[in-house]
Amino acid sequence: NTEIFALDKLRTFEAADLPQAQEESLDFDEQVSGLSRHEARVRPDAVVRLPGGKALVIDSKAPLTSFLRAQGEDVPPAELTRLLREHSRALRGHVETLAGKDYWSAFATSPELVVCFVPSDAVLVAALRAEPDLYDHAQSRKVVLASPATLLAVLRATALAWQQDALTSNARELLALGSELHQRLGTVGRHLSAMGGALRRSVETYNQLVGTLESRVLVTARRMHDLGLAETAPEAPAPVEAAPRP
């Protein structure tokens with residue numbers, strides 16, 4: 001059956017096949033229930049979990065009755081044409097049903113589309129041969145008709161698009177962080193310049209004090225030593241020669 005076939009395809013889809021970052025892996029959930037924008041309960045066959053926390057909704061209930069009837073050995077040409085047209089109309093009707101359900105609105109991280117899995121390329125080709133505009137019509141209704149040959153391509157393309165979107169978002173965040181860091185470095189630089197100025201003034205004030213002490217105080221103390229009134233002569237404190245780097 002179509003649904004089992006589609007889910008088997010998903011199960012064989014290796015996570016390593018997707019372009020994704022580091023250890024993020026692709027996964028999917030079956031029969032996930034959600035509430036659409038019409039406040040209606042919907043239950044798609046599968047919701048594929050893509051990198052970045054995104055999701056892609058897949059339906060696998062494509063109609064096959066008329067197509068299978070057309071595969072009989074003794075089907076007259078006129079009956080064959082009628083059955084294939086009926087098959088195409090049934091698939092178009094299924095597209096309209098999917099479009100009306102708005103599956104994607106029940107999942108906040110899903111793109112606005114639903115993948116309609118058709119279990120065989122021959123099934124899809126037969127419908128498109130009867131109604132060549134069916135594929136474009138489905139696209140306009142936000143429904144992607146995907147055969148086994150295109151299902152994995154759709155998943156890879158969607159994952160790559162989400163990944164590029166994530167990279168763009170990360171670049172914007174990095175730019176904002178860089179701008180914030182630049183502002184903070186400017187603030188630290190101003191504080192550092194103020195501290196350097198304060199240290200320079202402290203050194204100048206200290207050296208002035210040393211000069212005053214040498215010329216006004218210690219000269220008298222040494223004179224007392226020379227007169228024998230003091231046992232030792234006082235030593236002059238050395239000035240500070242180091243200065244903060246501009």
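**Salt bridges, a patch and a pocket**

K61 is partly exposed, with a relative accessible area of 41%. Keep that residue in mind. Before going on: this is a predicted model.

What does K61 pair with? The side chains of K61 and D59 form a salt bridge, 3.9 Å from N to O. Is D59 buried or exposed? D59 is buried, at a relative accessible area of 2%. The cut-off for buried is under 20%, so D59 qualifies. K61, at 41%, falls between the limits of 20% and 50%, so K61 counts as partly exposed. There is a third partner here. D45, D59 and K61 are linked in a network of salt bridges.

Now the whole chain. It has six helices and seven strands. Starting at the N terminus, the order is α-β-β-β-β-β-α-α-β-α-α-β-α. The chain has 246 residues, and 31% of them are buried. How many salt bridges does the structure hold? The count is 11.

Take helix α3, residues 77-101. R82 and E86 both lie there, four residues apart, about one turn of the helix. Their side chains meet in a salt bridge at 2.9 Å, N to O. R82 is partly exposed at 39% relative accessible area. E86 is partly exposed too, at 25%.

Helix α6 gives us another pair. R200 and E204 are both in that helix, again four residues apart, about one turn. The salt bridge between their side chains is 3.9 Å, N to O. R200 is partly exposed, with 40% relative accessibility. For E204 the value is 40%, and E204 is also partly exposed.

Stay on α6, which covers residues 148-226. L199 is in this helix. L199 itself is partly exposed, at 46%. A patch residue needs over 30% relative accessible area, so L199 clears that limit.

Last, the pocket. Which residues line the largest pocket? They are L192, S193, M195, G196, G197, R200, P244, R245 and P246. The volume of this pocket is about 180 Å³. Its lining splits into four nonpolar, three polar and two charged residues.

Some names come back here.

Terms used: Residues are numbered from 1 along each chain as its sequence is written. This is a predicted model: local features need pLDDT of at least 70, side-chain atom pairs count only at pLDDT 80 or more; totals for chains, interfaces and linings use all residues. Side-chain values use heavy atoms; hydrogens and water are left out. Helices (H or I, at least four residues) and strands (E, at least two) are DSSP runs, numbered from the N terminus. Buried means under 20% relative accessible area, exposed over 50%, partly exposed in between (1.4 Å probe, protein chains only). On a 1 Å grid over the protein atoms alone, a cavity is a set of points where a 1.4 Å probe fits but cannot get out, and a pocket is an open set with protein on both sides within 12 Å along at least five of seven lines; lining residues have an atom within 4 Å of a point. Grid points are joined across faces, edges and corners, and a volume is the space filled by probe spheres set on the points. Ala, Val, Leu, Ile, Met, Phe, Trp, Tyr, Cys and Pro count as nonpolar, Asp, Glu, Lys and Arg as charged, and the others, Gly among them, as polar. A salt bridge is a side-chain nitrogen of Lys or Arg within 4 Å of a carboxyl oxygen of Asp or Glu.
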